[in-house]
Amino acid sequence: MTTETTNTPLHHSRRFGPGGWETGLGHALMILASLICVFPIYWMIVTSLRPENAIFSTRLWPDAASLDNYAYALKAVPITQMLVNTFIVSIAVTVIQIFTGILAAYGFSRWKFRGSAILFAAVALTWLVPLQVVMIPNYLLVARMGMIDTLGALILPHFASAFAIMLLAQSMRSFPTEVIEAAHMDGANHAHILWHVIVPNLRGTIASLAILIFITTWNEYFWPLLLTRSPENSVIQIGLQMFITSEGTQWGPLMAASTMASLPILLVYLVLQRQVIASFMKSGLR
Amino acid sequence: MSDISLSPAAAPRAWPRLGRMYRALRPYLYLFPALACFIIWIYEPLGRAFLLSFQQWNLLPTSPKIWVGLDNYRNIFDLPKFWQALGNTGWYLVGLLPLTVALPLAIAIFTQDLPARSRNLYRALIFVPMIVPPVVGAAVWRWLLDMNHGIINLGLQSLGMEPVGFLSDPDLALWTITFITGWKLIGFAMLILSAANAAIDGSLIEAARLDGASRWQVVRDIRLPLLSPTILLLVLMVVLLGAQWSFAYIHVLTEGGPLGSTSNIYYLLWQFGFGSLSVGWSSASAVILFVGFGLMAMALFALKARFTFHDD
């Protein structure tokens, strides 16, 4: 991101620079792409605010904003409870994955030990196993534990994340060893070094990891779909589906519920836009 | 250990030994929580799925599991539905690659000279679909594409065209779902590619220009080779995860229909397992899927390793 401004040589900008037809076309392309990406979300919010008799209106603006759809959606499905559940699950998974990630990353980056390469490969290869492949054994395990239809079962399989471990191990490996040695000289033990020397210095990485895990968990659909029996014990993604029936879809309430389901994420994005983008990019640039 | 506990005189010597043992075990203790999770929820179930693929069972604890050997595999290979889903999985990838690799690549290269400020705005807007929950994405597109009242079909009608059954026409539904999956990812792909593109050393391009290279030659001979590791990474992600990402859209929008035209191998697994409760079939197709994708991943990793020397 820092290279953006340095990357435009002088004579180059004379030929293709601001005002050139290529720049104009570039803007046009980006505006079109932005519209395609944002309009559906905009339309969702606009539709959710239309009163029932204007739900099929095609005006790009809501004439008379109404919260009827929200009231209806909240009454038809226990959305508040489901939002709270989703929040609990997302926060729990974020905290736990970062905790287990920090421990494992320290283990991998601090010591050379027998089997470390194999164990690291075992971590890295987990993403080759899609959830669909292990869904039946996992479902059976949850059933044996008597945890079908509980929030705990939504959290348990997400106790550790390979991506968190690898990202944290990478940043711990590049942590200056002199600082750690100095702490050792002062008689600090490993736990102290990890939690009071290394972790405070990795705040940035941990924060962007937390954003990524929170959003991913909030959006998760497949695993809750397997385990849900009652709406009160489930997450908001499952609740949305209840407005889509084979007899027809209640568009207004569905759009209202969809808006409520994405609102927390969109708010996070509005406030921490740069950090959100940066943390997603980290997940791709390994 | 036993000889130590026998004689009290040896006790003091036991402590350094315990200390050594602790020190040898310490790395594993730090790894334990994460590895235990992976073993319990990923590797052990993988083995279990493998075993279940040789059995016949309907998921009810009271009914017996019957060992049927390779019958599940044989039956699946005889099933037209399986080949249809496998073919569809391929079509999803064929459709997704241009949308999530080629198009973002072209846009990233084409828009590299836009001023940083407007580019940051576009970047923020284009990224929105990536963070929206997949179920919300599915619900919104269902509304936009609705046959009677969706704004896209109303727009087409106002242009004098017939309404299009984007999700109900067997020839179209798969491409509609491919498009929605791509819509979700295009911003992400573009960001990764433009970051890699911006990281290319400007002096290389300057030098080529001074040597009289045309704009297209710069793209072909400098940018594309230098971007190839990133491109391969994206291809790897799309190939391995693309069909998986479309699960939510398939489930919410078409449930694999019409006429199985949008079902892919992941969705078939789900239908076998939790639709028709045939654990054996579901597990057998899970094993086929895992092996197939493992081989593809290895091939792509090998390809990526060959290209990565450009990276310095």
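Residues 193-218 of chain A are 96% helix and 0% strand in this predicted model. The end C-alpha atoms of that span are 33 Å apart. UniProt, in an unreviewed entry, lists residues 193-218 of chain A as a "transmembrane region". Chain A meets chain B in a contact that takes 78 residues from chain A and 73 residues from chain B. The predictor gives the complex an ipTM of 0.86 and a pTM of 0.87.

- For chain A, the unreviewed UniProt entry gives "transmembrane region" at residues 24-45, 82-106, 118-139, 151-172, 193-218 and 251-272.
- Residues 24-45 of chain A are 100% helix and 0% strand. Their end C-alpha atoms lie 31 Å apart.
- For chain B, an unreviewed UniProt entry puts the "transmembrane region" annotation on residues 27-43, 90-110, 122-144, 172-193, 230-252 and 272-303.
- Residues 172-193 of chain B are 95% helix and 0% strand, with 30 Å between the end C-alpha atoms.
- Residues 272-303 of chain B are 91% helix and 0% strand. Here the end C-alpha atoms lie 34 Å apart.

**Domains**

- Chain A is divided into domain 1 (5-66) and domain 2 (73-284).
- The centres of these two domains of chain A are 32 Å apart, taken over C-alpha atoms.
- In chain A, 7 residues of domain 1 are in contact with 6 residues of domain 2. The domain 1 side of that contact divides into 3 nonpolar, 2 polar and 2 charged residues.
- Chain B is assigned domain 1 (2-52) and domain 2 (71-311).
- In chain B, 43 Å separate the centres of domain 1 and domain 2, again over C-alpha atoms.

**Where the chains meet**

- What does each chain bring to the contact? Chain B brings 73 residues and chain A brings 78.
- On the chain B side, helix α2 (residues 11-52) gives the most, with 15 residues.
- The chain B side divides into 59 nonpolar, 10 polar and 4 charged residues.
- Which residues does B:A34 contact, leaving aside its neighbours within four places in sequence? They are A:T100, A:G101, A:L103, A:A104, A:A160 and A:I165.

**The nonpolar core**

- The largest nonpolar core has 146 residues.
- The residues with the most contacts inside this core are A:A105, A:I165, A:A257, B:A34, B:I131, B:A139 and B:A189.
- Helix α9 (residues 173-198) of chain B supplies the largest share of the core, 14 residues.

- Most residues other than glycine have a negative phi.
- B:L59 has a positive phi, near 75°, and is not a glycine. B:L59 sits in the loop between β1 (55-56) and β2 (66-67) of chain B.
- Why is B:L59 counted as partly exposed? B:L59 is partly exposed because it has 16 C-beta neighbours inside 10 Å, between the limits of 12 or fewer for exposed and 20 or more for buried.
- B:E255 is also not a glycine, and its phi is positive at about 50°. B:E255 lies in the loop between α12 (247-254) and α13 (265-275) of chain B.
- B:E255 counts as partly exposed because 15 other C-beta atoms lie within 10 Å.
- B:E206 is in helix α10 (residues 202-210) of chain B. B:E206 is partly exposed, with 15 other C-beta atoms within 10 Å.
- B:E206 and B:V218 are 12 residues apart in sequence. In space they are 9.5 Å apart, C-alpha to C-alpha.

**Confidence**

- Chain A averages a pLDDT of 85, and 92% of its residues score at least 70.
- Among the elements of chain A, helix α4 (residues 79-110) has the highest mean pLDDT, 95. Helix α1 (residues 10-16) of chain A has the lowest, 43.
- Over residues 1-18 of chain A, pLDDT stays under 50. The model has 21 contacts beyond four places in sequence for this stretch.
- Chain B averages a pLDDT of 84, with 94% of the residues at 70 or above.
- In chain B, confidence is highest in helix α7 (residues 134-144), at a mean of 92. Confidence is lowest in helix α1 (residues 2-6) of chain B, at 42.
- Residues 1-11 of chain B have a pLDDT below 50. This stretch has 2 contacts in the model beyond near neighbours in sequence.
- Where pLDDT is low, the predicted coordinates should not be read in detail.

How values were computed:
Residues numbered from 1 in each chain as written. Chains lettered and ligands numbered in written order. Predicted model: local features only at pLDDT ≥ 70, side-chain atom pairs only at ≥ 80, totals over all residues. Domains from an automatic or database assignment. Nonpolar A, V, L, I, M, F, W, Y, C, P; charged D, E, K, R; others polar. Helix = DSSP H or I, 4+ residues; strand = E, 2+ residues; numbered from the N terminus. pLDDT = per-residue confidence, 0-100. UniProt positions renumbered as here; feature names shortened; annotations may be inferred. Core = buried A, V, L, I, M, F, W, Y, C linked by C-beta atoms within 7 Å.
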